[in-house]
Amino acid sequence: MPSTFFIPDPEGRLPSAEGYFGAFGGKFIPEALVAAVDEVAVEYDKAKHDPEFARELDDLLAHYTGRPSALTEVPRFAEHAGGARVFLKREDLNHTGSHKINNVLGQALLTKRMGKTRVIAETGAGQHGVATATACALFGLDCTVYMGEVDTRRQALNVARMRMLGAEVVAVKSGSRTLKDAINEAFRDWVANVDHTHYLFGTVAGPHPFPAMVRDFHRVIGVEARRQLLERAGRLPDAAIACVGGGSNAIGLFHAFIPDASVRLIGCEPAGHGIETGEHAATLSAGEPGILHGSRSYVLQDDEGQITEPYSISAGLDYPGIGPEHSHLKDSGRGEYRAVTDAAAMEALRLLSRTEGIIPAIESAHALAGALEVGRELGPDGLIVVNLSGRGDKDMDTAARYFGLYDTDAEVADDATGTAEIEEDAK
Amino acid sequence: MSGNLRLLDDTLAAAKSEGRAALIAYLPAGFPTVDGGIEAVKAAIDGGADIVEVGLPHSDPVLDGPVIQTADDIALRGGVRIADVLRTVREAYKATGRPILVMTYWNPVDRYGVERFTAELAEAGGAGCILPDLPVQESGLWQEHAEKHGLATVFVVAPSSKDERLARITAAGTGFVYAASLMGVTGTRETVSSQAEDLVRRTRATTSTPVCVGLGVSTPAQAAEVARFADGVIVGSAFVKRMLDAPDHAAGIEGVRALAGDLARGVRAHA
């Protein structure tokens with residue numbers, strides 16, 4: 001019986017055997033990790049063809065995660081999007097509050113198959129870290145999560161969640177002290193502990209097979225959304241829209257629509273204070289091809305290949321790289337990528353909260369801001385699906401400071417400087 | 001102008017003919033300044049290093065521990081450029097006549113342009129390059145240009161490398177093979193890993209190219225121990241730490257010279 005929720009790409013179109021999506025991807029890793037990364041590739045390939053693996057993962061996705069996730073039409077929000085019909089794919093309703101759990105459960109099962117007892121992960125917004133800590137609690141695995149020091153402050157709630165779940169959270173103080181540096185530190189840990197440790201990578205970047213494997217675990221998002229839209233709207237959407245940091249929720253939504261030429265695939269990158277200010281993390285809009293964290297893809301870098309420090313109000317998008325399949329979608333013209341500022345994302349966050357009673361994560365709010373633009377371009381006949389990749393609970397402190405929602409005198413007085421501090425920290 | 005691969009081969013052969021291992025020092029360019037870094041390289045050679053690896057600092061040194069990360073940070077904040085790295089190679093080679101290699105990550109070289117980088121490194125008198133995040137299966141373009149310009153391609157092997165992979169790597173490499181003594185990042189360690197000798201033995205079974213051991217080697221006693229079974233001993237973090245811990249620059253340079261002297265005696269302990 002075919003599996004319901006674990007739906008890897010049945011065609012096996014890309015990547016190539018060497019892990020390339022066109023000119024992007026590959027495996028740029030130290031020799032010490034070659035054997036471990038190869039083991040992941042071999043084990044994933046075996047698992048992909050093992051009905052027992054699919055059955056076990058399906059069971060978890062149905063009864064632990066709560067799949068399928070809902071598809072919610074948001075007409076009051078859509079009034080601000082040129083009257084186009086807008087549907088949200090509700091990955092925020094998954095257990096742990098984001099799409100990240102789809103990939104984490106798959107890799108946690110793989111960790112058990114490989115006989116490893118310890119898991120490490122990086123996290124930006126903390127959503128991947130929380131999902132990983134959750135799966136490790138469920139499976140009885142040791143868990144260490146690396147998180148940039150800046151992010152441990154702006155996502156303090158998720159730090160507490162991870163610790164509650166029994167994970168060790170390491171605040172990384174090198175470089176820009178954000179997601180990129182958390183990944184560097186996780187790689188350093190992995191090199192030293194690879195014999196018993198699996199690096200449960202959280203996005204569709206990194207060395208082959210991670211971009212393909214993580215995509216496969218998230219592919220269910222688009223498969224479900226496509227079927228749900230055909231049932232509810234009677235046709236395919238004009239656009240599928242998602243935010244992109246590393247690109248996992250976006251590739252999860254996009255992938256099932258790639259063969260549908262009429263469906264525009266639109267990724268929304270964080271423009272921070274605006275691309276022209278240099279304070280952004282819009283890798284595909286402003287980067288150049290290079291190598292970061294094990295694969296060739298677009299990278300924010302200077303003219304001598306030094307990675308430049310990104311900025312976004314959203315910790316989960318604050319990353320100077322991007323998954324290689326997105327670079328391929330961009331260069332091949334199949335994907336479109338536009339940049340959304342902090343201000344536009346925060347406005348969309350407030351709008352969805354006020355019009356639909358759904359508070360999105362700041363990451364996902366970038367996609368909502370993109371949907372407002374695209375909806376106005378398409379007009380009232382337009383049909384859009386947006387991946388609501390995560391819920392906004394974790395962002396309430398940032399949002400409260402941004403919008404002045406605290407009502408004690410001290411915090412009101414602190415409000416303007418608080419936002420400035422958070423932004424300053426992130427630079 | 002062709003690079004100094006031949007000089008590297010001759011230097012390793014000369015050490016072997018003396019019945020000892022070669023001493024290879026690592027120091028990052030631009031640390032603490034470009035001129036200060038050049039002084040440090042010269043001091044290491046003056047103290048007894050046979051070969052020097054000049055680090056080209058990178059913003060994301062995923063294979064380096066805290067000591068070299070700190071030095072890279074200082075160099076990058078000081079504004080070090082690839083031109084400064086090449087000047088470090090040129091001046092060190094001109095002053096000492098010793099083989100000078102560059103060690104860095106792949107992205108700076110890829111971005112600078114492989115042809116431009118190899119041509120300029122050869123022109124500066126460089127002997128080769130170590131690119132620890134460029135695995136052999138992705139290294140075709142690099143090898144082609146390195147060979148054209150007479151530069152060594154030094155690959156890293158690790159205790160986790162399987163025998164058939166060792167054979168593939170050593171068949172592609174030139175100059176020497178960099179055997180990582182342990183699974184981990186750069187930095188000083190209390191003891192030399194027992195994995196090192198086994199890795200050298202397995203690597204030697206695949207090649208006649210010299211096999212040099214690095215990662216975690218910092219003291220003369222450790223150098224002496226490694227020298228018993230390897231063709232070269234590579235020391236990095238311990239040199240950088242001397243510079244970082246010194247009260248002033250002059251003392252740091254003297255610290256580098258003194259450590260090189262002690263390590264040079266270490267690699268000769270069993271000669």
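The structure is a predicted model, in which local features need pLDDT of at least 70 and side-chain atom pairs count only at pLDDT 80 or more, whereas totals for chains, interfaces and linings use all residues. Residues are numbered from 1 along each chain as its sequence is written, and chains are lettered from A and ligands numbered from 1 in the order in which they are written.

Chain A contains 17 helices and 14 strands, these being DSSP runs numbered from the N terminus (helices H or I, at least four residues; strands E, at least two). With a radius of gyration of 20 Å, close to the 22 Å that the globule rule gives for 427 residues, chain A is as compact as a globular protein of that length; the radius is taken over C-alpha atoms, and the rule is 2.2 Å times the number of residues to the power 0.38. Of the 427 residues of chain A, 62% are buried, a residue being buried if 20 or more other C-beta atoms, placed from the backbone, lie within 10 Å of its own, exposed if 12 or fewer, and partly exposed in between.

Chain A is divided into domain 1 (20–65 + 99–214) and domain 2 (71–96 + 218–426), with bounds that come from an automatic or database domain assignment. The contact between them takes 42 residues from domain 1 of chain A and 46 residues from domain 2 of chain A, where two residues are in contact if their C-beta atoms, placed from the backbone, lie within 7 Å. The residues on the domain 1 side of this contact divide into 18 nonpolar, 18 polar and six charged (Ala, Val, Leu, Ile, Met, Phe, Trp, Tyr, Cys and Pro count as nonpolar, Asp, Glu, Lys and Arg as charged, and the others, Gly among them, as polar).

The contact between the chains takes 26 residues from chain A and 31 residues from chain B. On the side of chain A, helix H1 (31–48), helix H8 (179–193) and strand E11 (288–292) each supply at least two residues, and H8(A) gives the most, with six residues.

In chain B, the buried residues of helix H7 (residues 140–148) are B:Trp142, B:His145 and B:Ala146. Seen down the axis of H7(B), these buried residues fall within an arc of 100°, so they line one face of the helix, the arc being that of the directions from the helix axis to the C-beta atoms. They pack against helix H6 (114–123), strand E4 (128–130) and strand E5 (152–154) of chain B.
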